[in-house]
Amino acid sequence: MVQRLELRQPRCFTWVMDNLAASILDHLWKDYLKTTPQAAEVHALFKARGETVVNDHIALRTFNRPSVSVDRLAEPFLTSGYVPSGEYRFQQKKLFAKSYSHPTLPRVFISELLLEQFPDSVQRICQALVDNLSTWAPEQLLTQQPTWAPVTLETYQELLGHSEYAAWLAAFGIRANHFTVQANALTTFEDIAAINTFLMGEGYELNGAPPHIQGTPEQGLVQSSTKASWIEWPFANDVTHKIRSCYYEFAKRYPVHGSQTPYDGFIADSADQIFESTNVTQ
Ligand code: NI
């Protein structure tokens with residue numbers, strides 16, 4: 001059975017509260033809705049069409065420091081029955097990622113920024129954030145937002161000059177960068193293109209160039225995403241500034257290589273494009 005995310009019925013989660021990963025995902029979903037108002041709106045639009053929204057995967061961002069690395073954040077998921085399903089490298093964005101699958105819970109995609117590939121100034125800023133953490137327990141890192149004290153707007157903008165990912169992570173900390181609607185579970189949309197047409201009709205901005213689609217059925221995974229929400233975000237010294245927060249993603253999976261079941265992993269090229277959804281310069 002698949003996890004169904006209900007916005008107004010948190011009681012639905014009581015059956016899984018003994019499962020660490022499920023409770024982390026529940027927490028991340030509630031936190032995500034606070035920074036991503038459009039996700040609740042889109043979720044409601046789908047429900048109004050009679051759809052039950054099933055979550056395909058979530059994505060987490062972190063730094064490649066031992067205390068907060070992909071492997072560290074994966075621990076509570078692995079102890080809850082998740083298994084590794086793939087590894088991915090993004091050379092231009094200087095990222096490494098792993099994905100994890102579970103028989104009944106959404107997939108988890110965790111990427112980490114390869115800090116040693118950045119100038120000393122970037123490494124120093126990001127290392128200081130990690131050094132000042134109050135906890136290094138992975139389940140707490142995943143459920144205690146904000147992860148670190150607000151950075152200054154100047155720090156955010158300096159990081160932005162080197163890596164949009166670093167700036168986003170410094171501002172928002174470790175939290176879900178996106179949740180993803182599983183298009184296979186929708187009954188009123190034939191494919192991702194139909195979802196895109198619907199979303200644009202509702203006034204949502206989609207990531208990338210038309211037709212706003214990454215991947216092909218032959219690759220096993222077709223995806224699209226909204227542009228991240230603009231929100232007023234608190235920085236240090238009582239400064240607020242409007243930046244892009246998180247986005248909502250849509251994924252349809254297809255069987256590959258004669259398999260009977262849909263493809264379970266991710267496509268690095270598509271994910272590379274989708275990372276642009278939080279690009280503040282667009
Ligand atoms: Ni994704």
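Biologist: Is C246 buried or exposed?
Modeller: C246 counts as buried, because its relative accessibility is 0% in this predicted model.

Biologist: And C126, buried or exposed?
Modeller: Buried: C126 also comes out at 0% relative accessibility.

Biologist: How many disulfides does the model have?
Modeller: The count comes to zero disulfides, where a pair of cysteine sulfur atoms would have to lie within 2.5 Å.

Biologist: Are H57 and E249 buried or exposed?
Modeller: H57 is buried, with a relative accessible area of 2%. E249 is buried as well, at 1%.

Biologist: Nice. Can we zoom out for a moment? How many helices and strands does the chain have?
Modeller: There are nine helices and nine strands. The chain has 282 residues, and 56% of them count as buried.

Biologist: What share of the contacts join residues at least 24 apart?
Modeller: Taking contacts between residues at least 6 apart in sequence, 69% join residues at least 24 apart.

Biologist: On to helix packing, then. At what angle do helix 1 and helix 2 cross?
Modeller: Helix 1 (residues 20-35) and helix 2 (residues 37-48) cross at roughly 105 degrees, and their axes come within 4 Å. That angle makes helix 1 roughly perpendicular to helix 2.

Biologist: Which residues make that contact?
Modeller: Helix 1 brings W29, Y32, L33 and T35, while helix 2 brings P37, A39, A40 and H43. By class, the contact has six nonpolar residues, two polar ones and no charged ones.

Biologist: What about helix 6 and helix 7, at what angle do they pack?
Modeller: About 155 degrees, with the axes of helix 6 (residues 153-160) and helix 7 (residues 164-172) 7 Å apart. The two helices are therefore roughly antiparallel to each other, since angles over 145 degrees fall in that class.

Biologist: Which residues meet there?
Modeller: From helix 6 you get Y156, L159 and L160; from helix 7, E164, A166, A167, W168, A170 and A171. Those residues divide into eight nonpolar, no polar and one charged.

Biologist: Now the loops. Where is F189?
Modeller: F189 is in the loop between strand 5 (176-182) and helix 8 (192-201).

Biologist: Why does F189 count as buried?
Modeller: Because its relative accessibility is 7%, and the cut-off for buried is under 20%.

Biologist: Which residues does F189 touch, leaving out those up to four places away in sequence?
Modeller: F189 touches F46, R49, E51, A194, I195 and F198. E51 is 138 residues from F189 along the chain, and their C-alpha atoms are separated by 9.6 Å.

Methods:
Residues are numbered from 1 along each chain as its sequence is written. This is a predicted model: local features need pLDDT of at least 70, side-chain atom pairs count only at pLDDT 80 or more; totals for chains, interfaces and linings use all residues. Side-chain values use heavy atoms; hydrogens and water are left out. Axes are lines fitted to C-alpha atoms, for helices over the stretch in contact, and angles run from 0 to 180 degrees between N-to-C directions. Angles under 35 degrees count as roughly parallel, over 145 as roughly antiparallel, 65 to 115 as roughly perpendicular and the rest as oblique. Contact means heavy atoms within 4.5 Å. Ala, Val, Leu, Ile, Met, Phe, Trp, Tyr, Cys and Pro count as nonpolar, Asp, Glu, Lys and Arg as charged, and the others, Gly among them, as polar. Buried means under 20% relative accessible area, exposed over 50%, partly exposed in between (1.4 Å probe, protein chains only).
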